[in-house]
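Hi,

Here is the structure I promised to pass on. Have a look at it first, and then read my notes on what turned up.

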Amino acid sequence: MTQTTAESPTSKQRAQLKVRTLRTDRWWLVPALTFAGLMSFLIYGVWAIFDKSYFAEPYIAPFSSPCLATSCPEGARFLGLAPFGDWYGLPPGLLILGLPGGFRLTCYYYRKSYYRSFWLSPPACAVSEPHTKYSGETRLPLIIQNVHRYFFYLAVVIGAILAYDAVLAFRDEHGNWGHVGLGTIILVANAVLIACYTLGCHSCRHITAGRLNHFSRHPIRYKAWTFVSKLNARHQQFAWASMYSVMIADLYVRLVAKGVINFPFA
Amino acid sequence: MGYKAKFRVWRGEGGEGQLEDFTVEVNEGEVVLDVIHRLQATQAPDLAVRWNCKAGKCGSCSMEINGRPRLGCMTRMSTFEETETITVTPMRTFPVIKDLVCDVSFNYQKAREIPSFTPPKDVKPGEYRMQQIDVERSQEFRKCIECFMCNNVCHVIRDHDENKPAFAGPRFLMRIAELDMHPYDELDRKESAQEEHGLGYCNITKCCTEVCPEHIKITDNALIPMKERVVDRKYDPLVWLGSKIFKRSGV
């Protein structure tokens, strides 16, 4: 007689379903859209870094800010500084690309999105992944993802600089304050979305008070944690919104710099 | 109005078996478990299915419905087209005993591997005093009904059986997070979460959160905070230095 208890040798086997998934919905749609969205950002980013039209007084394209090389036009230099001298001949955007790039690359939300859409690990819930082995983030290179909080600190600095650029966008091309063009609005919206994305980061949530066990002993940190938690609940939305806002703001400034869009409406 | 629904149900013992087709009556307001019970009553009296409360609170009737981990008792038939064929299989990650009933002892084994709540020796039961805001975080995790669908859907063990010894699964990593966040728990669980229970295997793809019938934010509120705590302990030289200088822990 066949035994059917948990101890039965035959019971130690999963259901031998030969198909990758039995899902009947369009599970491939979200990873496909994510792949397309992230690829469009990467392709635009590569083009933007090597494009030289990144400054149109008073706007500076976010992909090239802060501009730290002597090759930057004088008005584009961050606080007038140019620590990278004549020896530096590459696009100035390359100097700072790694900071926001590293922040997004190690972000917990983006990890989910590219693990699913690029590495298919897994492509969707309850859909088998194609890899025969899996060690996750237990060893190199993925264990490096644990550096995320350091990129967060750097991303705060970049976010502050973009906010500073947005404030400077309230000047016109002659440097007079009081100008509000479409570019000003775009740069301000971008700075706000970048701030919401950066401050809603899981590492920020941990640093404010997530690491504590006694919220009641740290009321101010608890309040900060509560605020960050609210942003964190929308982290995915802010990740996408800020990614596209930075792309739109960057493209807009380049179009102004190229003369496609002209002042005073710019 | 009732109608006849087409069902494909996994039948078999151990891992051997096949999907069998049935046509079953469905009435208004019914859930998948009701239809499975009707199937049992009318056409397949030996069909094995585990169930208990029929209210989404006992976690017994976990199964995969059209390939998605769901509770049979909480999946309304009205969410399907009347012409649709509904496929019902046992959870894929665990061995099958018979038909839709799995051997979930893996989960009990993992539960036993986690050291229990460890309060300070000088605090006696009845003397615990905690502020509401201090217990709120872990109260979310106490909603868990142990349906084990999070462990079932997690690709770390669903697609890689060989990872089972090293990985506790979302349900028990959440338990570790719950205890680590507890104001009165004295055990340091960060090192063991990473080294013994396999937190590093989690690549935060959030399937556990997607399938949780209690809507617990497993990834955002338990696994990622726990990963950050592990970073404090193992990978962040500044925090390590700070803890040496100020001699603070468990604040």
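Before the chain-to-chain part, one convention: two residues are in contact if their C-beta atoms, placed from the backbone, lie within 7 Å. Also keep in mind that this is a predicted model.

With that cut-off, how many residues of chain B are in contact with chain A? There are 55 of them, and they touch 45 residues of chain A. On the chain B side, the elements giving two or more residues are strands S4 (68-71), S5 (85-89) and S6 (96-98), plus helices H3 (132-141), H5 (155-158), H8 (207-211) and H9 (218-235) of chain B. H9(B) gives the most, with 8 residues. Sorted by class, the side of chain B that touches chain A has 22 nonpolar, 17 polar and 16 charged residues.

**Inside chain B**

Chain B is split into domain 1, residues 3-102, and domain 2, residues 105-246. Their centres, taken over C-alpha atoms, are 31 Å apart. Between the two, 12 residues of domain 1 of chain B are in contact with 13 residues of domain 2 of chain B. The domain 1 side of that contact has 6 nonpolar, 4 polar and 2 charged residues.

The axes of H6(B) and H9(B) are 9 Å apart, at an angle of about 65 degrees, and the crossing is left-handed. H6(B) brings B:Pro170, B:Leu173, B:Met174, B:Ile176, B:Ala177 and B:Asp180 to the contact, while H9(B) brings B:Ile218, B:Ala222, B:Leu223, B:Pro225, B:Met226 and B:Arg229. By class that contact has 10 nonpolar, no polar and 2 charged residues.

**Inside chain A**

The unreviewed UniProt entry annotates "transmembrane region" at residues 27-50, 87-110, 150-171 and 177-199 of chain A. I checked two of these stretches against the model. Residues 150-171 of chain A are 86% helix and 0% strand, with the end C-alpha atoms 34 Å apart. For residues 177-199 of chain A the numbers are 78% helix, 0% strand and 29 Å between the end C-alpha atoms.

The axes of H4 (residues 148-168) and H5 (residues 182-199) of chain A come within 8 Å and cross at roughly 160 degrees. That angle is why H4(A) is roughly antiparallel to H5(A). The crossing is left-handed. From H4(A) the contact takes in A:Ala155, A:Val156, A:Gly159, A:Leu162, A:Ala163, A:Asp165 and A:Ala166, and from H5(A) it takes in A:Leu187, A:Val188, A:Asn190, A:Ala191, A:Ile194, A:Ala195 and A:Thr198. These residues divide into 10 nonpolar, 3 polar and 1 charged.

In the other pair, H1 (residues 29-50) and H3 (residues 108-117) of chain A, the axes come within 9 Å and cross at roughly 110 degrees. H1(A) and H3(A) are therefore roughly perpendicular to each other, and their crossing is also left-handed. A:Pro31, A:Thr34, A:Phe35 and A:Leu38 of H1(A) meet A:Ser113, A:Tyr114, A:Arg116 and A:Ser117 of H3(A). The class count for this contact is 4 nonpolar, 3 polar and 1 charged.

Cheers

Conventions. Residues are numbered from 1 along each chain as its sequence is written. Chains are lettered from A and ligands numbered from 1 in the order in which they are written. This is a predicted model: local features need pLDDT of at least 70, side-chain atom pairs count only at pLDDT 80 or more; totals for chains, interfaces and linings use all residues. UniProt positions are given in the numbering used here, feature names are shortened, and annotations may be inferred rather than shown by experiment. Helices (H or I, at least four residues) and strands (E, at least two) are DSSP runs, numbered from the N terminus. Domain bounds come from an automatic or database domain assignment. Ala, Val, Leu, Ile, Met, Phe, Trp, Tyr, Cys and Pro count as nonpolar, Asp, Glu, Lys and Arg as charged, and the others, Gly among them, as polar. Axes are lines fitted to C-alpha atoms, for helices over the stretch in contact, and angles run from 0 to 180 degrees between N-to-C directions. Angles under 35 degrees count as roughly parallel, over 145 as roughly antiparallel, 65 to 115 as roughly perpendicular and the rest as oblique. A crossing is left-handed if the near helix is turned anticlockwise from the far one by less than a right angle, and right-handed if clockwise.
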